[in-house]
Amino acid sequence: MDFSLDEESKLMVESLKKFLAAEVLPVEADLKKRGILVGGAMTREVYDEGAKIRAKAVEAGFYTAHVPEAIGGGGLRHVTLTAMRETIAMCGSEMMAVFVMGDPPMGPTAMLSMLNDVQKDKYLHKLMSGEWTTCFCLTEPNVGSDVGALELMAVRDGDDYVLNGTKIFISNGLFADVFQVFACTEKGKGMGGGLSLFMVDGDTKGITRTLMKSMGGDDFQAELNFEDVRVPAENLVGQEGYGFLGATQWLSGERLMMSTQAVGLAEYSLKFGVEWAQTRKAFGKPIGKYQGVSFPLADCRIQLDAARALTYQAAWKLDQGEMAMQDLAVAKVFAADMLQKVVDTVMQTLGGIGYMTDHPIERIYRIARVFRFGGGTSEIQRKLIAKGMGL
Amino acid sequence: MKILVALKRVADPDNANKVKVSPEKIDTTGLEWKINPFDEYALEAALRLTEDGKKPKKREGEVVVMTLGPKEVETTLRSALATGADRAIRIDCTDDELDGRLVANALKTVIAEEKPDYVIFGKQAVDGDNNGVGQMVAELLDWPMATFAATIQEEDGSLLVSREVDGGMCTLRVKTPAVVTVDLRIVAPESVYSKLTDKAHKYSDGVRFAALPAIMKAKKKPIDVKALADTAGGVTIGSNYANFEAPAARAAGVKVEDVAALVDKLANEAKAI
Ligand SMILES: Cc1cc2nc3c(=O)[nH]c(=O)nc-3n(C[C@H](O)[C@H](O)[C@H](O)COP(=O)(O)OP(=O)(O)OC[C@H]3O[C@@H](n4cnc5c(N)ncnc54)[C@H](O)[C@@H]3O)c2cc1C
């Protein structure tokens with residue numbers, strides 16, 4: 001196994017660092033100073049400022065680096081993409097860095113390879129150029145992990161399908177120009193022929209979008225209500241009843257993204273703990289000289305390195321053409337637990353200052369929690385791992 | 001138009017504390033290498049001089065980067081090619097075979113062969129801070145030279161080059177071909193104008209980053225390798241390093257009781273006032 005970066009990938013990561021330093025972090029600092037970006041929350045104004053970063057990221061090739069070459073993307077290997085995503089997660093940005101790589105939820109995903117030529121003309125190009133953004137609409141009030149039980153119905157009526165139902169927790173749902181909606185087209189069939197995927201224009205009559213406030217405070221999830229929403233039949237992606245098959249491929253990509261982000265965010269967080277342990281004095285010494293402080297931080301290093309190795313191993317296996325479902329699940333469960341542990345240890349090391357909203361760790365502590373269920377819960381990952389073990 | 005830019009790789013200044021020093025040598029194993037920052041500015045200036053600043057931009061002329069060093073320095077060249085340079089030249093040697101005079105002589109040979117309109121250097125490399133090669137090359141070529149450039153404006157057959165001096169700017173008009181060494185300010189938004197560039201155009205502050213497609217294309221751009229013996233013109237290394245010593249660790253500071261004690265220390269110990 002070799003997940004070292006080749007020369008070209010190193011250049012890409014270097015270039016990305018420069019991009020973040022020149023085009024993203026100063027913009028974010030400015031938006032904060034002007035009171036536009038507050039508490040890492042997405043607003044229309046922040047989103048519009050982000051669109052400017054997105055345009056530059058498209059030009060620089062970062063935005064579509066993850067998209068297969070066959071549909072016009074950079075087609076980079078997973079190991080390289082992982083290094084790039086890690087760099088972004090480590091850069092300390094609260095929000096604006098999400099506009100750099102066109103990863104889910106906003107950007108074009110590998111899943112869009114399934115679009116036919118007409119659909120590509122209509123949607124893919126606009127998503128690749130960053131003119132439009134999208135969102136991934138799966139979860140519903142009564143259905144999360146048990147995807148086969150989706151209730152949002154799509155019923156064929158002449159040249160249209162008519163959609164009725166509700167999606168919740170949809171990231172970028174407030175802003176997306178086009179939705180990727182999973183719907184039930186035949187009750188009782190579940191994943192085996194009952195779940196279809198539709199491209200739905202965001203401004204179609206009958207759709208209402210409502211902000212869902214969250215613990216992370218990013219104001220980035222929405223409830224989407226569909227009431228007699230007419231979608232032209234030509235917007236059905238792939239074969240009726242089999243839309244979810246494509247999505248499974250996408251979800252494995254998201255699992256890798258989640259563990260990568262957890263690793264990057266943990267690395268960024270750990271720095272605060274180590275620096276504080278070196279400089280904060282109590283009872284005549286820097287607190288890091290007490291094993292009660294240094295050993296938990298050493299444990300963080302162990303967990304973090306292990307999570308990174310698992311993440312890169314999964315990425316490397318994907319690059320070898322393996323599905324790597326088991327490895328992705330292992331990495332995700334481990335990295336999500338690791339992140340929470342690291343952030344908690346760092347906050348403990350910081351003492352009171354880490355609890356204050358002025359310190360970055362306060363916000364990270366809140367958002368760290370989502371990694372254990374976003375993109376497939378840790379229990380569902382374990383279910384998958386156990387199944388792989390023949391259980 | 002053709003512009004040559006000399007590049008040197010230096011140990012990443014952000015990790016300089018990792019350098020292990022013994023009296024005989026500086027141990028460079030495990031160090032991260034980067035393009036010398038002032039050389040990055042030189043490259044940025046050269047690229048701006050071949051562009052019109054429009055969108056999509058039109059380029060006129062080529063930028064050639066050159067360096068001396070072992071095969072590994074091709075990473076540095078590749079990074080410059082990804083940023084926009086058109087081709088590269090490496091003079092093959094090891095780092096400890098070199099000193100400034102030898103480097104200047106080798107570069108002179110390459111420049112004489114390539115016949116560029118301008119050669120642009122960083123004002124100094126941040127490892128040795130010698131600030132010498134650019135000037136020596138100008139002397140060896142018998143070309144006009146402008147150093148520490150903060151702005152460059154291209155004219156017909158000459159360059160208008162300004163450097164910052166106490167209380168203002170000092171501006172030279174140098175006939176081309178010429179040697180220019182650049183300072184930090186050269187990457188400010190309004191520092192460099194080619195003949196093609198509209199004076200209203202403002203560049204992004206700082207050096208540009210390489211776009212991903214350009215990084216992929218850089219693989220195919222040529223790197224020409226020359227032998228040191230063929231370029232040095234008989235010059236051999238002239239300086240020997242006698243001893244290396246790490247800077248002394250900083251002594252701990254003191255806390256003073258009051259302003260009077262501070263003034264006393266500044267006056268009598270530091271002799272600063
Ligand atoms: C910030 C955020 C952003 C999100 N963005 C999106 C988005 O963009 N698009 C989208 O479609 N969804 C999104 N989601 C939804 C997310 O994917 C779901 O929350 C997740 O899939 C879990 O579903 P659920 O919350 O309905 O929990 P459930 O599936 O109802 O699970 C509840 C609990 O039961 C456990 N459980 C369920 N089944 C089993 C089992 N068989 N064995 C053991 N335990 C089990 C789960 O692990 C969990 O602990 C987002 C969620 C969050 C919090």
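# Worked exercises on this model

Val119(B) stands opposite Val179(B) in β12(B). The model is predicted: local features need pLDDT of at least 70, side-chain atom pairs count only at pLDDT 80 or more, and totals for chains, interfaces and linings use all residues. Residues are numbered from 1 along each chain as its sequence is written, while chains are lettered from A and ligands numbered from 1 in the order in which they are written.

## Exercise 1: a strand and its partners

Work out which way the residues of β8(B) point and how β8(B) pairs with β1(B) and β12(B).

*Step 1.* Helices (H or I, at least four residues) and strands (E, at least two) are DSSP runs, numbered from the N terminus. Two strands pair if DSSP finds at least two bridges between them.

*Step 2.* β8(B) and β12(B) run parallel, joined by five bridges. β1(B) is also parallel to β8(B), over three bridges, and here Val5(B) stands opposite Ile120(B).

*Step 3.* In a regular strand the side chains alternate between the two faces of the sheet. In β8(B), Tyr118(B), Ile120(B) and Gly122(B) point one way, and Val119(B) and Phe121(B) the other way.

*Step 4.* A residue is buried if 20 or more other C-beta atoms lie within 10 Å of its own, exposed if 12 or fewer, and partly exposed in between, with C-beta atoms placed from the backbone. By that test, five of the five residues of β8(B) are buried.

## Exercise 2: one side of a helix

Find the buried residues of α4(B) and say why they lie on the same side of α4(B).

*Step 1.* Helix α4 of chain B spans residues 133–141, and its buried residues are Val133(B), Gly134(B), Val137(B) and Ala138(B).

*Step 2.* They cover an arc of only 140° around the axis, so they sit on the same side of α4(B); the arc is that of the directions from the helix axis to the C-beta atoms. An α-helix has 3.6 residues a turn, so residues three or four places apart point the same way.

*Step 3.* Their cover includes β1, α3, β8, β9 and β12 of chain B, which brings back the strands of Exercise 1. Just after α4(B), Asp142(B) takes a positive phi of about 60°.

## Exercise 3: the cores

Find which residues have the most contacts inside the largest nonpolar core.

*Step 1.* Two residues are in contact if their C-beta atoms, placed from the backbone, lie within 7 Å. A nonpolar core is a set of buried Ala, Val, Leu, Ile, Met, Phe, Trp, Tyr and Cys residues joined through C-beta atoms within 7 Å.

*Step 2.* The largest core has 143 residues, and those with the most contacts inside it are Ala262(A), Leu339(A), Val5(B), Val65(B), Ile120(B) and Val180(B). Helix α7 of chain A gives the largest share of this core, 15 residues.

*Step 3.* Apart from this core lies another, of 45 residues, including Leu138(A) and Phe175(A).

*Step 4.* Take Val5(B) and leave aside its neighbours within four places in sequence: the contacts are Ala42(B), Leu43(B), Ala46(B), Val63(B), Val65(B) and Ile120(B).

## Exercise 4: around the ligand

Describe the shell around the ligand by residue class and by element.

*Step 1.* The shell is made of residues whose C-beta atom, placed from the backbone, lies within 6 Å of the molecule. 22 residues surround the ligand, the closest being Leu138(A), Gly144(A), Ser145(A), Thr377(A) and Glu379(A).

*Step 2.* β1, β3 and α9 of chain A each supply at least two residues of the shell.

*Step 3.* Ala, Val, Leu, Ile, Met, Phe, Trp, Tyr, Cys and Pro count as nonpolar, Asp, Glu, Lys and Arg as charged, and the others, Gly among them, as polar. The shell then has 10 nonpolar, 10 polar and two charged residues.
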